[in-house]
Amino acid sequence: MSAPRLTAPRGTHDVLPDEATRRERLDALASDLFARAGYRRIETPIFEATELFARGVGASTDVVQKEMYTFEDRGERSLTLRPEGTAGVARSYLEHGMHKLPQPVRVWYSGPFFRYERAQAGRQRQFQQIGCEAIGSDDPALDAESIALLHQLIVRFVGADGIRLRIGSLGSIEGRAAYRERLVAYLRAHEDRLSTEVRERIDLNPLRAFDADDPGTKAVMADAPRLLEHLLPEDAEHFAEVRVLLDAVGIAYEVDPTLVRGLDYYSRTLFEFTSDALGAQSGVGGGGRYDGLIEQLGGPSTPAVGWAAGVERLLLAAGPGGVPDRRASLYVLWDESRRRDAFVASRTLGRAQLDAAGRGMKGQRRRAERAGARIWLTLPADGGYVVRDREGGRETTVADVDAVEATLAEWFDMGW
Ligand code: HAM
């Protein structure tokens, strides 16, 4: 009996060459977009101290409570495979005293992240994110810039069809405390119509009342004050300015007072892009402001904003099209007696593919055809190099590899 075959762990998958090519294209697009906007690349470790996420992402979030890959290393330290990138970048900003650099510090990243979630299309246990953070300014222009960058990345890679942007604001931390008091007062005033469960938790977690199923509570909550309508004046102004700037660059959005995100560090602006092309996991990318995070990690109060987009979801939303043709454009066909010449030619010319499966000339020709190579370089037994441009219908025979190069340079002045 043969040994059982091993497969990739649940929620992970192999990125095979076709998908890898599409990912490379996405990375190149992001890299170009960020470079033009003054964002520089940063790479933080794939695992971090567990405490970073407990403190940064929030101990009560699903991500921290249920989804982390946490382990103890041989030195008995508790480490966690990063479930997201913002906490690591914030730690790095603090650790390297980046507040001394001109602010805001703009960085971007691309890499693997890990969450123990129920795997399905677009939801994986190991997934890839492209993301960016701009740290050190509370200017609403930075919120709008961040949103505009994600918008541009999505529109250029996926197209604009079926893409929706929702935005909201949570207000500042102080503003939220004031709102909470207002909500508690409202609930107290209508206590007799609330379910026992909600009534008992008025002081503990008044916001939970919005999720209640009980009809009495629902009726009360329909008229309850909403956070977005009770922002402090400076928070309302900040949010209004973000909208003015988005309008100015012609980015369409919907203001969604119910928008929430699963991470605790957000304050003020929140945003999320969804795609109709995706099923249940419609979130392509999102983010927001996190003015309290760096302080939470032991640093000075430092405002910041950023986002992350899921690479698997961007690829799903974009569909299979648009794979650039990266096949070798020159195919070397050779007679066995010219083995060494063929090898030297393929390595000297670059972007050349050597038939290396022991096929006869006829088989090699068939293979070259399938590979779609534009140029065929044939090394016949009786010597010489036959260069053929299949699309241009040109052919010439030369004596050595230098002359092959000269021919290609003459035929293709823009490179081949
Ligand atoms: P997030 O919304 O948790 O935010 O994740 C961002 C994106 O990552 C999602 O919109 C989704 O496309 C993708 N994603 C998340 N979980 C999975 C999964 N299990 N499988 C596949 N894709 C997934 C953050 O992570 C924040 N750090 C974003 C941010 C940056 N906020 C401020 N700065």
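## Around the ligand

Start with the ligand: 26 residues surround it, and the closest are Glu84, Glu117, Glu133, Arg261 and Tyr266. Keep in mind that this is a predicted model. Sorted by type, the shell around the ligand holds eight nonpolar, 11 polar and seven charged residues.

A backbone N or O atom of glutamine 124 sits 2.8 Å from a nitrogen atom of the ligand, and one of tryptophan 307 lies 3.3 Å from a ligand nitrogen. For valine 284, a backbone N or O atom is 2.9 Å from an oxygen atom of the ligand. On its own the ligand would expose 660 Å², and the protein buries 95% of that. The elements giving two or more residues to the shell are β6 (126-135), β10 (283-289) and β11 (304-310). Of the shell, β10 supplies the largest share, with six residues.

## Salt bridges

Across the whole structure, a search turns up 28 salt bridges. One of them pairs glutamate 145 with arginine 106, with the closest N and O atoms 2.9 Å apart. Glutamate 145 belongs to helix α5 (residues 140-157) and arginine 106 to strand β5 (residues 105-114), so this pair ties together parts 39 residues apart in sequence. Both partners are partly exposed: glutamate 145 has a relative accessible area of 22%, and arginine 106 has 26%.

Another salt bridge joins glutamate 395 and arginine 388, whose closest N and O atoms are 3.8 Å apart. Here glutamate 395 is exposed, at 52%, while arginine 388 is partly exposed, at 32%.

## A linked group

Some salt bridges form a network: Arg166, Asp256, Arg261 and Glu272 are linked this way.

Conventions. Residues numbered from 1 in each chain as written. Predicted model: local features only at pLDDT ≥ 70, side-chain atom pairs only at ≥ 80, totals over all residues. Heavy atoms only, no water. Near = heavy atom within 4 Å. Polar contact = N/O pair within 3.5 Å; in protein donor to acceptor, adjacent residues only side chain to side chain. Areas by Shrake-Rupley, 256 points an atom, 1.4 Å probe, with all protein chains shown as cover. Helix = DSSP H or I, 4+ residues; strand = E, 2+ residues; numbered from the N terminus. Nonpolar A, V, L, I, M, F, W, Y, C, P; charged D, E, K, R; others polar. Salt bridge = Lys/Arg side-chain N within 4 Å of Asp/Glu carboxyl O. Buried < 20%, exposed > 50% of the residue type's maximum accessible area, 1.4 Å probe, protein only.
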